[in-house]
Amino acid sequence: MDYLWSHGRRLHRSRHVNMKHIYGETWATESINLARYLVKQIGCRIEHDGFGVPAEFVDFLNGSTRVPSLHMVMYKDPDLWKMHKNLGDGDDWVLGEGFGPMTGEVSPSQGRLMMFSSSMVVGYIGVMYRWELGLTSADPFYVHQKARLYRRDKLPDS
């Protein structure tokens with residue numbers, strides 16, 4: 001978070017977040033730890049809504065290196081950027097942290113969650129995520145030293 005707050009203007013113009021600039025030589029381990037924090041939050045939201053947390057979330061929190069069916073991308077929100085820009089001239093951010101609206105799909109016949117999607121944002125930088133039962137082609141941000149920073153209005157499908 002400190003990095004996002006202190007580099008907000010630079011990130012506005014960037015197409016990537018260089019994890020090595022944030023975490024140094026331990027970027028690979030620390031990026032996975034960031035992803036684990038996010039997965040814990042996602043799992044808590046799923047549990048709060050009365051569904052079982054996917055086993056692969058638990059595996060990831062216990063040390064596996066990926067969640068195959070969870071697509072997570074970093075983004076910058078141009079509308080939140082404009083709000084910040086219009087609220088002051090300083091480098092202090094006036095926008096805080098938040099969660100986006102949740103969407104999901106439940107199979108009535110199976111009585112289980114099939115898809116869950118939402119986002120988390122700090123200032124105007126966020127992580128959009130989509131978990132989908134059976135998805136195996138996810139390309140999460142945390143496996144890349146230079147994680148792609150999408151525009152909110154130009155996110156990939158999944």
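The following legends describe an overall view and several close-up views of a predicted model.

**Figure 1. Overall architecture of the predicted model.** The protein has 158 residues, of which 41% count as buried. Its secondary structure consists of six helices and seven strands, arranged along the sequence as α-α-β-α-α-α-β-α-β-β-β-β-β. When contacts between residues at least 6 apart in sequence are considered, 67% join residues at least 24 apart. The accessible surface amounts to about 9,000 Å², and carbon and sulfur atoms account for 50% of this area.

**Figure 2. The largest pocket and its lining.** At least two lining residues come from each of α1 (2–6), α3 (19–23), α4 (27–48), β3 (97–99), β5 and β6 (125–132). The greatest contribution is that of α4, which supplies four residues. Sorted by class, the lining contains 17 nonpolar, three polar and two charged residues.

Figure 3. Beyond its neighbours up to four places away in sequence, leucine 38 touches Met72, Met120, Val127 and Phe141. The C-alpha atoms of leucine 38 and tyrosine 129 are 9.4 Å apart, although 91 residues separate the two in sequence.

**Figure 4. Serine 119 in strand β5.** Serine 119 belongs to strand β5. This residue counts as buried because its relative accessibility is 6%. Its contacts, leaving aside neighbours within four places in sequence, are with Arg45, Tyr75, Gly98, Phe99, Gly100, Val127, Met128 and Tyr129. Of the elements shown in the pocket view, α4 (27–48), β3 (97–99) and β6 (125–132) each supply at least two lining residues, as does β5.

**Figure 5. Methionine 114 in strand β5.** Methionine 114 is placed in strand β5, which spans residues 112–122. Its relative accessible area of 23% lies between the limits of 20% and 50%, and methionine 114 is therefore classed as partly exposed. Not counting residues up to four places away in sequence, methionine 114 touches Glu105, Val106, Ser107, Trp131, Glu132 and Leu133. The C-alpha atoms of methionine 114 and leucine 133 are 5.2 Å apart, with the two residues 19 positions apart along the chain.

**Figure 6. Salt bridges of the model.** Side chains of opposite charge can pair when their charged atoms come close. The structure holds three salt bridges. One of them joins lysine 20 and glutamate 25, with an N to O distance of 3.2 Å. Within this pair, lysine 20 is partly exposed at 33% relative accessibility, while glutamate 25 is exposed at 65%. A further salt bridge links arginine 130 to glutamate 132, where the closest N and O atoms are 3.1 Å apart. Both partners are partly exposed, arginine 130 having a relative accessibility of 24% and glutamate 132 a value of 27%. Glutamate 132 is also one of the residues touched by methionine 114. The side chains of arginine 151 and aspartate 153 form another salt bridge, with N and O 2.7 Å apart. Arginine 151 is partly exposed, at a relative accessible area of 37%.

**Figure 7. Glutamine 145 in the loop between β6 and β7.** Glutamine 145 lies in the loop that connects β6 to β7 (146–151). With 30% relative accessibility, glutamine 145 counts as partly exposed. Beyond residues up to four places away in sequence, glutamine 145 touches Val17, Asn18, Met19, Lys20 and Trp27. Among these, Lys20 is the residue that meets glutamate 25 in a salt bridge. Glutamine 145 and valine 17 are 128 residues apart in sequence, yet their C-alpha atoms are separated by 8.0 Å in space.

Note on methods:
Residues numbered from 1 in each chain as written. Predicted model: local features only at pLDDT ≥ 70, side-chain atom pairs only at ≥ 80, totals over all residues. Heavy atoms only, no water. Buried < 20%, exposed > 50% of the residue type's maximum accessible area, 1.4 Å probe, protein only. Contact = heavy atoms within 4.5 Å. Areas by Shrake-Rupley, 256 points an atom, 1.4 Å probe, with all protein chains shown as cover. Nonpolar A, V, L, I, M, F, W, Y, C, P; charged D, E, K, R; others polar. Salt bridge = Lys/Arg side-chain N within 4 Å of Asp/Glu carboxyl O.
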